[in-house]
Each structure stands twice: as C-alpha cells, then as structure tokens.
Amino acid sequence: MRSWVFLIVALIVAAAVFAAALLVRTTYGDYLLFAGYVVLQYVVLATAWNILGGYCGYVNFGSAAFFAIGAYTTVALHKLGANPGRYLSDTPFEVLGTLLPLSLPTLILLGGIVSGLVGFGMGYLTLRLRGVFFAIATLAMAVVLQTIVVNWDYVGGSRGAYIIRPDAAEIGPVSLAYIQYLFLAMMLLAVFALWVARTIERSRMGLGLAAIRDDEPAAEASGVPTLRLKLAATALSGALMGMAGAPFPYYVGYVEPANAFGLPYAVNAIAMPMIGGTTTWAGPLVGALVLGSLQQIATVTFRSEASLLIVGVLLVGFVIVAPRGIVGLVENWRRPKKKKLKSPQ
Amino acid sequence: MNTASAPILQVKGLSKRFGGFVALDDIDLDVGQGERLGLIGPNGSGKSTLVNCICGTLQNETGTVHFNGHALNGAPAHKRTHLGLARSFQLPRPFASMTVADNIRVPLLYTVRQRTGLVHSHIDLGRRCVELLALVGLEHLAERSPRDLSQVDMRKLELARAVASEPKLLIADEAMAGLSHSEVEDIVQLLLRLNKDEGITVILIEHIMRAVMSFSQRLAVLVSGRKIADGKPDEVVNNPQVVSAYLGQ
C-alpha cells in the first residue's frame, strides 16, 4: 500500500472511531473519551519510541522527559498567552502578544519543535555511545531536565501549574466539548505518528536504520551515514513524544514535574513496542492498544497501581516467550517452515 | 611498491596505539591501481588494525592515508566507502534481520546513489541485486535470511555486499577463514574475477598461504605492528626475516 493510500485509510478509520466514540458517549458519558485519549497518547508515545528504539536499536529511557517538554512548552505558552502584557510589553517580542493565546494545534506543533530540538541536542551528545551507555545517558538527561523544571518558577516549579480547560472548542461551524476536541487531536496525532513511522520503515532511511540496528560498523562500511541517520531518528522520535505531551496540560488541568515526568510514560513507551513488536509500525500500535486498554480496565475495576504491575508481568512474559512481540508471533504463525539451505555444489 | 601503475592507496608513517600497546608502528604501504596485494602476518601482527585504520573504523594517531587522490585522515568510514573503498569483515557481519537481497540493497542505496546522484527505480535496484548475487552464486537465496546461509555463502554475501558499493579497492579480511579446500578455491576464483573482470584492486588478508600465493602479485608482511617485508611473493616467503618471524623456521 502506498504511503498516501495508507494515510487516507488511517484517516477513514480514525473518523469511524471518532464517530463511534461520539455515539457511545450518549450512553457512557465522557469516560470513554478520557480513557481513549490516554490509549491514543500511548499509541503516539510508543510509535515515537520505536523509531529510535525499534528501528535503530537505541533504547531511550528518557521518553517521559520528551513528553514533559511538550507539556511544559504548552504550560509556558499558555501562561504567556494568559497575560501577554505582563511578560512581553516593552520587549522586542511585544508584537508576538497579538498572536496569543495559541490554538491547540499550534501548541502541539511548537511542543514538537522544542522536543525535536532537544532530541537532536541529546542525540548529538550521546549517540556516540552504544547499548547500555546510551540508555543510561538518556535516563540522566531526563533527570537533568526534571531538575531544571522543578527549579523553573515561571512554569510553577515543584508546585506545579494549573491550566483551566475551556468548555468547548470551535472547529469551523462545529462546536465540540473540549474532551472531544482533545480526543480528536490525539487521534489525528496518532494517525500522523503511524504514517511517519510506516513511511520511514519503507524508505531508504528505514533500511539504513535497520542496518544500524543489525550491525553498526557493517552499516557504516556499507556507506550508511550512521550518525546522521541516528540524529534524524532521535529528533523525530523526540518531536513526536513532545507532540504527545503538548495537549497533556489541557487534559489533566494541573501539571507538576512528578506527573509530567512520570514513570508510567517512560515504562509504557518501552513496554508497548516490546510487547507489540519493534520491527514494524504495527507493533507499537498493537502494544499500545492492548496494554493501554488493559491498564484502563485495571484502573476502573481494580486499582490504578495495578497498571504498572500488568506492564511488568506482560513485559517479562513476552521477553521470554515471544521476544519479537505480538506481531512477531503472528508473522511466525503465517510464515511457512523453512529448511536450512546449502549452496549448490 | 612493485607495480608500474599509479598508487590508488598510499599509507605513510601510520601508527596506532591502544594504551601502551603499539599495534602499528610507522607503516608505509602503497597499492597500485588494479593490483592484487596479499597482506600476511601472524595473529596480533596488526593486519586488521591496519585495515580498520585505512577504512576509518579506527582513527590512526600519526601518519596519513591517501586514497585515489583524497586525504582520508579523520573521514568517517561511510565517506571512505562513498569514495570507493570497501571491505569485508574477518567474521561475517550480515544484516541479520534482512533478506540476502536487502543486505545488497543497503550499499546500493547508500553508496552508488550517493556517488552518482541517480535515483534508482525499484526495477534497477532489483536487477543490480540479482546481478551481484549471481556474481557470487547466491541468486537462488535472494529472499532468504542470512541466518539460513552456510559459512561459505555467508562469506560470499559479505563480498557481494562490499562489491555492491562499486569499489575501486576491496579489502578482503580473512574471507576464507574456516572454509574447506574447495570453498577456499571458490573464493580465490571470485576475488580473481573481481580483479580481472571488474577492475577492482584487491588487498587480501589471509592465513591460508596456498590461497595467498596463488592470488597475490605482491606480498607485504606485518609482524608486531611493523612491516618487515614487501615484494614479489616468491622473494618474500624466502626472506630470512619473514621465515624466522612468520613461518617459524
């Protein structure tokens, strides 16, 4: 399937899911939209992680930091938009006040740009490291960024910041409740992330990233510009994670470092692709839908703390039984058995 | 350099240390265009380190490497490949998650296209893949995983992948290690075809003296990071220094 055909099909599926969500809302209220938003957010995060971790083989433990950068970009710009005269008057940036407050799509775009730039910088500093050393460096970066935010008073520091969610959003003549708007935005973002991931996977870049994952010195010897590709993957992965985090303040209404940099984001971003399968765009989607839904069910039927327990148990189980994830299991089941071949004498 | 042609590779005063250990000490080596050079030496003599320094996997501390008129010092390995310098690895390093054909597509997409600026269609790429696999006798295994290959086929895939980048110079690092007598002969014939038919200059690093002697026009010998002999194969193997240091007689 060509890339643009895939995009159209994905948009049709997204439209159908959104219509279904609006229909069941009359029966179940807004809960399904709130739960669905979280699952879709994990689809974006897992897909973003997989671009670097799955396609390229570089494990990033700092996903929560990129997510938080997106969230805090929104917090900073929201605060600026709430009182532009206070922060921008008598400065060279006074004219920017006329553009504020920014719309949610603009905030998502800016969150992605800031996170992408941080991803590029992190990549530049750390991509000469490999394996566990790279993973530790990403973890260290998350700690450094969280410390900066905790000490940044403008965005609330350790106290956190309140964002008052509007009641409704207007899209042309249509008025949507804000949670519907957030759900729709995250749905479109998930489609975009999947389209980006699939396009990369089937492109020259995807082949280069797979070569790096399989054997980096051999890839370099085959002419693959490994550092450049890794930087592109890090920036793209970071940008998508930041985009996933940008609407977060409007979703929760109160952002503090502990929840924006929360462990569940870092763990789920890794676990979902691992459980779904890391070598294809469908893996993170399947992993996020399965694991995200299970976590939401556990939260309402048992307790929210059980969600990470589910992740841990499933992750250990899949690493042992099916290291290529659910997609790998399906591929193995569909593939005919092969015999070891010998070259003709 | 015992060749009439202009050197395609010039190594001058190259040294490499690992901590206090001197792996290469002031190595000079010229390789002529179209030449077949055998590089021999006991284990630990610095052959692979020299290859790694020439190909950019390791950076040398002193000395210079010139390839086809380009100074290579500091250039990353992929840029050296784009210039026409290819290598195979001592232990085969296939891209294990890909098919055999995709292993060949990587250098085709990243080197040939980079160098020529041509955007190859899928058909062109596919045709070239088949040609390259046919050259090494692996065309019937194109859609298989490298994990399914025998040792000799893995070696051939390694060479086909190196040749896919359309190199001017190919460095074959122990491409025959662990192979049977007939398989060694297969690889020697393949390297000879690459040299004669494709015009590729070849440096063969090998312990199998029968293969080295039948293949090489010239022989260089490394011992303990120093080049102790360089000349015609018959003269070099009778050189008393080589005999005592390398052949142990």
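Me: Before we look at the second largest pocket, what counts as a pocket, and which residues lie nearest the centre of this one?

Reply: A pocket is an open set of grid points with protein on both sides within 12 Å along at least five of seven lines, and its lining residues have an atom within 4 Å of a point. Keep in mind that this is a predicted model. Here the second largest pocket has 32 lining residues, with A:V17, A:V39, A:L40, A:M187 and A:L289 nearest its centre. Its volume is about 700 Å³.

Me: Which elements give two or more residues to that lining?

Reply: They are α1 (3–28), α2 (31–53), α7 (178–201) and α14 (282–301), which belong to chain A. The largest share comes from α1(A), with nine residues. By class, the lining holds 27 nonpolar residues, four polar and one charged.

Me: One of those helices, α2(A), also packs on α10(A). At what angle do they pack?

Reply: The angle between α2(A) and α10 (residues 226–245) of chain A is about 170°, and their axes are 8 Å apart. Angles over 145 degrees count as roughly antiparallel, so that is how α2(A) and α10(A) run relative to each other. On the α2(A) side the contact includes A:Y37, A:W49 and A:L52, and on the α10(A) side it includes A:K230, A:L240 and A:M241. The residues of this contact come to 11 nonpolar, three polar and one charged.

Me: Let's move to chain B. How do I read a sheet, and what is the strand order here?

Reply: In general, strands of a sheet pair through backbone hydrogen bonds, either parallel or antiparallel. In chain B, six strands make an open sheet with mixed pairing, in the order β6-β7-β8-β3-β9-β10. β6 (85–88) and β10 (226–231) of chain B each have a single partner strand, so one side of each lacks a neighbour in the sheet. On average, neighbouring strands are turned by 15° against each other, direction ignored.

Me: In which sense do β7 and β8 of chain B pair?

Reply: β7 (residues 169–173) and β8 (residues 201–205) of chain B pair in the parallel sense, over five bridges. To find one on screen, pick B:A172, whose bridge partner in β8(B) is B:L204. Packed on the sheet you will see α6 (residues 181–196) of chain B, which touches β3 (36–40), β7 and β8 of that chain; the direction of α6(B) makes about 155° with that of β8(B).

Me: Which way does α5(B) run against α6(B), roughly parallel or antiparallel?

Reply: Angles under 35 degrees count as roughly parallel. α5 (residues 151–164) of chain B packs on α6(B) at about 10°, with the axes 11 Å apart, and the two are therefore roughly parallel. Among the residues that meet are B:V152, B:R155 and B:L159 from α5(B), and B:E183, B:I187 and B:L190 from α6(B). This contact divides into seven nonpolar residues, no polar and four charged.

Me: Finally, how many cavities of 30 Å³ or more are there?

Reply: There are two. The largest has about 70 Å³ of space, and its lining draws on both chains, including A:A218, A:S222, B:F89 and B:E158. The elements giving it two or more residues are α9 (216–221) of chain A together with β6 and α5 of chain B. The second largest cavity has a volume of about 50 Å³; A:A221, B:C55 and B:R80 are among its lining residues. Here α2 (77–83) and β6 of chain B each supply at least two lining residues.

Notes
Residues numbered from 1 in each chain as written. Chains lettered and ligands numbered in written order. Predicted model: local features only at pLDDT ≥ 70, side-chain atom pairs only at ≥ 80, totals over all residues. Heavy atoms only, no water. 1 Å grid on protein atoms, 1.4 Å probe; cavity = no way out; pocket = protein on both sides within 12 Å on 5 of 7 lines; lining within 4 Å. Points joined across faces, edges and corners; volume = space filled by probe spheres on them. Helix = DSSP H or I, 4+ residues; strand = E, 2+ residues; numbered from the N terminus. Nonpolar A, V, L, I, M, F, W, Y, C, P; charged D, E, K, R; others polar. Pairing = 2+ DSSP bridges. Axes fitted to C-alpha atoms, helices over the stretch in contact; angles between N-to-C directions. Contact = heavy atoms within 4.5 Å. Parallel < 35°, antiparallel > 145°, perpendicular 65-115°, else oblique.
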